[in-house]
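Take a look at the model shown here. The paragraphs that follow go from single residues to the whole chain.

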Amino acid sequence: MAIKQIKIRSTAQHSEASASPSTPRPVHYGSPARRSSSLSYSEVPDIQGQPSPSSQNAGTTTTTTTVDDTIPYYYHHHYPSEQEQEQQHKKHARTNTRRTSQSMYYPSSTAPSSSSSPGIVTASDRSAKTGRRTSTRPKTIYDDNMLPPLPPVHWDKDVGNDGASDHHSQKSSSSNSSSSNNHSTSGSKQQQQQRYDDKTEEERRRVEQLAKEYQEMEKLNRALEDSIRCEDQRFDATLRQFHQDTMDIRATDGDYSTIHSNLTILQAKIASLPLSLKAYLVDKQTATDLFVKRWPHLAPALAHLSRRKRPESTALDNIIISQLVEKLVTELLTDWVYQAHVHIGFPANHAFVQIAALMDSTGHGQLSLRFRQQLCKITARSTTHSDTGHLSDSIIKRSVDEAKAEAIAAIVEELTQLYHDPHNPTKCSHELMVRIHKIVEGAAEVSLAMRSQTCPVVPLTAALEEGKERFDPSLFVMQNGSDPDASIVQLVICPPFVFYENQQRFLTMKGKVICF
């Protein structure tokens with residue numbers, strides 16, 4: 001336990017008065033550090049409270065009393081905590097220095113001598129022994145027989161000048177302590193306010209940072225929502241297209257690109273047919289007369305072509321005859337194969353035309369499209385898989401085969417007038433039959449693919465009028481016999497193949513024409 005020194009100075013009369021319990025005396029409490037700094041070793045009295053000889057000679061009594069450090073400098077109705085005591089000691093540091101300097105320094109003549117107090121070693125004695133000047137700061141003396149702390153003492157009216165001086169010093173110390181306490185309290189409040197302001201500022205910056213992060217997250221959220229919306233729209237379009245594609249029933253694996261390739265190959269076979277049958281060709285004049293007889297509206301154009309090399313000639317040359325043979329075969333294939341509404345020889349071709357017209361007129365065009373694709377699918381399955389055992393499949397296949405045979409016979413009959421061998425007519429007819437059969441089978445296959453598309457591919461024949469149609473390089477290709485600067489289509493060797501979608505025309509294969 002920490003021990004404090006408390007000094008009470010009074011006159012002889014006051015010493016007698018203080019013995020009675022009815023007359024309290026003032027006790028100076030203060031910071032131990034400051035109080036100890038105001039005392040010298042010569043002024044320290046006996047530990048048991050006996051006056052020193054020097055103080056007796058001066059007519060005054062100096063008494064030292066030890067008190068507990070936990071007791072405040074004035075009695076109150078409660079005891080302060082250790083934290084409050086520490087704060088009070090710090091507050092009274094400066095004021096106690098002034099108080100002790102005014103009231104608690106004694107002249108050196110009144111200081112007790114070393115002989116009167118054998119148990120105490122003073123600063124003067126230590127200086128005499130060591131020969132050096134020693135600090136006069138007193139040290140606290142501890143003893144097991146120390147008296148308990150005295151209660152606070154109040155001066156009476158008959159106190160002398162010395163007592164009045166001590167009382168005045170106590171009042172001054174109290175006022176200084178109050179002002180120091182107020183100043184320390186004000187400083188503490190300012191520190192608390194500063195800490196509160198700093199914390200508020202930090203929280204404000206934190207809130208601003210969170211607000212900025214929230215705005216950035218809002219922007220990212222809106223961007224993600226827009227991206228998700230675009231992806232949803234793209235997904236819906238893809239899904240609609242998927243349903244549309246799965247709804248379409250394809251009779252074959254062919255599409256518009258494969259149809260173009262197959263038509264080009266087939267047309268090349270037709271163009272090479274006259275070259276392979278050149279040995280069986282009749283004379284040029286007979287062939288020219290047969291062409292004029294078949295196309296009487298083309299007589300002027302044929303006459304112009306026959307006079308192209310020799311003005312007096314009336315017969316066509318071999319190149320023009322080969323092109324006219326290609327024109328003849330293509331027209332017969334168009335009539336027999338390409339113009340079929342479902343497929344060549346299908347039993348319900350004419351019925352389908354009536355049903356599709358009824359559906360289109362009532363606003364059910366998608367139903368007519370699906371119905372046409374279903375019929376093409378049935379035809380393809382019946383013609384490619386004849387061993388299914390279904391009676392309908394055998395009926396359809398037989399009808400298709402009969403129609404193909406009729407088309408082959410019709411084409412062979414037309415070509416026999418141009419190609420025949422009087423010495424061996426069977427050989428020429430067989431060779432014609434074999435070649436025309438391959439051409440008709442190829443045309444029937446590509447025709448089924450053309451009709452099973454969502455937008456069917458058709459030959460552009462109805463809109464072409466030979467002798468009046470203007471040349472369009474996006475639709476036609478000029479053939480041998482044409483004038484370079486010509487702009488009128490005189491002969492259509494092969495019509496262009498097109499399909500229509502959303503009232504727009506798209507080209508599948510260009511046609512062959514002679515212009516002059």
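Q503 is exposed, because its relative accessible area is 82%, and exposed means over 50% (buried is under 20%, partly exposed is in between, with a 1.4 Å probe and protein chains only). Q503 lies in the loop between β6 and β7. Its phi is positive, about 60°, although Q503 is not a glycine. N502 lies in the loop between β6 (497–501) and β7 (504–509). The phi of N502 is near 55°, again a positive value in a residue other than glycine. N502 is exposed, at a relative accessible area of 69%. Most residues other than glycine have a negative phi.

This is a predicted model, in which local features need pLDDT of at least 70, side-chain atom pairs count only at pLDDT 80 or more, and totals for chains, interfaces and linings use all residues. Residues are numbered from 1 along each chain as its sequence is written, and side-chain values use heavy atoms, with hydrogens and water left out.

Now the fold as a whole. The protein comes to 15 helices and eight strands. These are DSSP runs numbered from the N terminus: helices are H or I with at least four residues, strands are E with at least two. Of the 516 residues, 36% count as buried. The protein exposes about 30400 Å², of which carbon and sulfur atoms supply 53%. Such areas come from the Shrake-Rupley method with a 1.4 Å probe; for residues, only the protein chains shown count as cover. Consider contacts (heavy atoms within 4.5 Å). Among those between residues at least 6 apart in sequence, 76% join residues at least 24 apart.

M450 gives one example of a buried site. It sits in helix α15 (residues 425–451). M450 is buried, because its relative accessible area is 1%. Not counting residues up to four places away in sequence, M450 touches I259, L263, Y338, P456, V457, V458 and F497. Its C-alpha atom is separated by 9.2 Å from that of F499, 49 residues apart along the chain.

Q267 is another. Helix α8 (residues 256–276) holds Q267. Is Q267 buried or exposed? At 5% relative accessibility, Q267 counts as buried. Leaving aside neighbours within four places in sequence, Q267 is in contact with E326, T330, C494 and K512.

Next, the second largest pocket. Its volume is about 380 Å³. A pocket is found on a 1 Å grid over the protein atoms alone, as an open set of points where a 1.4 Å probe fits, with protein on both sides within 12 Å along at least five of seven lines; lining residues have an atom within 4 Å of a point. Points are joined across faces, edges and corners, and the volume is the space filled by probe spheres set on them. The lining has 14 residues, and D360, R372, R451, T454 and P456 lie nearest the centre. Helices α12 (349–361) and α13 (365–384) are the elements that give two or more residues to this lining. The largest share, four residues, comes from α13.

Last, the cysteines. C230 counts as partly exposed, at 41% relative accessibility. C515 is buried, with a relative accessible area of 0%. How many disulfides are there? The count comes to zero, where a disulfide is a pair of cysteine sulfur atoms within 2.5 Å.
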